[in-house]
Amino acid sequence: MMGSSVQPDCLFCQIYRDGDHVRKTNGFAAVRDINPRAETHLLVIPERHVETFRDVGEFPAEEAERMLEFVADTAREAGLEDYRVVVNVGPGGGQTIFHLHWHVMGGSMTGMPG
């Protein structure tokens, strides 16, 4: 589990473990957003439970690099050439689930994700 700090009551920890994954590799999973704001709207969820992007330094450098590569590869494998990657940070930034995650959105969009 790569030094994971999985939280049993965290929705995204549960989705990482048992969700309907579009894509998964050691340490990261991608799922379809249940409230899509774009034609293609995927969430990339790291296994490591880090509450917010502010704490991204908790990822060892190699793991952070793999996470960014996973985000880019997920977009490519979804057939997206032009797309948006969004990370909401804190309640004022629209973050509603406090487990770091990346929104990968392509095609026509209906607004910023929550």
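**Packing, question by question**

What covers the buried residues of α1 includes β1 (21–25), β2 (28–32) and β3 (38–46). Happy to take this step by step; please keep in mind that the model is predicted.

User: Which residues of helix α1 are buried, and where on the helix do they fall?

Analyst: Helix α1 spans residues 11–18, and its buried residues are Phe12, Cys13 and Tyr16. Viewed down the axis of α1, the buried residues stay within an arc of 105°, so they line one face of the helix.

User: Which element gives the most to the largest nonpolar core?

Analyst: That core has 15 residues, and those with the most contacts inside it are Val44, Phe59, Met67, Trp102 and Val104. Two or more residues come from each of β2, β3, α2 (61–77) and β5 (102–109). With five residues, the element that gives the most to this core is α2.

User: How many residues are in the other core that lies apart from it?

Analyst: This other core includes Tyr16, Ala29, Leu43 and Ile45 among its members. Tyr16 is also one of the buried residues of α1. The number of residues in this other core is eight.

User: Is Met67 buried or exposed, and which residues does Met67 touch?

Analyst: Met67 lies in helix α2. The cut-off for buried is under 20% relative accessible area, and at 1% Met67 counts as buried. Not counting residues up to four places away in sequence, Met67 touches Phe28, Pro46, Val56, Phe59, Leu100 and Trp102.

User: What is in contact with Phe59, leaving aside neighbours within four places in sequence?

Analyst: Phe59 is among the residues with the most contacts inside the largest nonpolar core. With those sequence neighbours left aside, the residues in contact with Phe59 are Pro46, Arg48, Val50, Ala64, Met67 and Leu100.

User: Why is the pair of Phe53 and Trp102 edge-to-face?

Analyst: The structure holds two aromatic pairs. For Phe53 and Trp102, the ring centres are 5.8 Å apart and the planes are at 85°; planes over 60 degrees apart count this way, so the pair is edge-to-face.

User: Where in the chain do Phe53 and Trp102 sit, and how many residues apart are they?

Analyst: Phe53 is partly exposed, with a relative accessible area of 35%, whereas Trp102 is buried at 8%. Phe53 sits in the loop between β3 and α2, and Trp102 in strand β5. The pair links distant parts of the chain, and its separation is 49 residues.

User: Which residue lies over the face of Tyr16, and at what distance from the ring centre?

Analyst: Tyr16 is one of the buried residues of helix α1. The residue over the face of its ring is Lys24, and the distance from the ring centre is 4.2 Å.

Conventions: Residues numbered from 1 in each chain as written. Predicted model: local features only at pLDDT ≥ 70, side-chain atom pairs only at ≥ 80, totals over all residues. Heavy atoms only, no water. Buried < 20%, exposed > 50% of the residue type's maximum accessible area, 1.4 Å probe, protein only. Helix = DSSP H or I, 4+ residues; strand = E, 2+ residues; numbered from the N terminus. Arc of directions from axis to C-beta. Contact = heavy atoms within 4.5 Å. Core = buried A, V, L, I, M, F, W, Y, C linked by side-chain atoms within 4.5 Å. Phe/Tyr/Trp six-rings, centres within 6.5 Å; stacked < 30°, edge-to-face > 60°. Lys NZ or Arg CZ within 6 Å of the ring centre and 35° of its normal.
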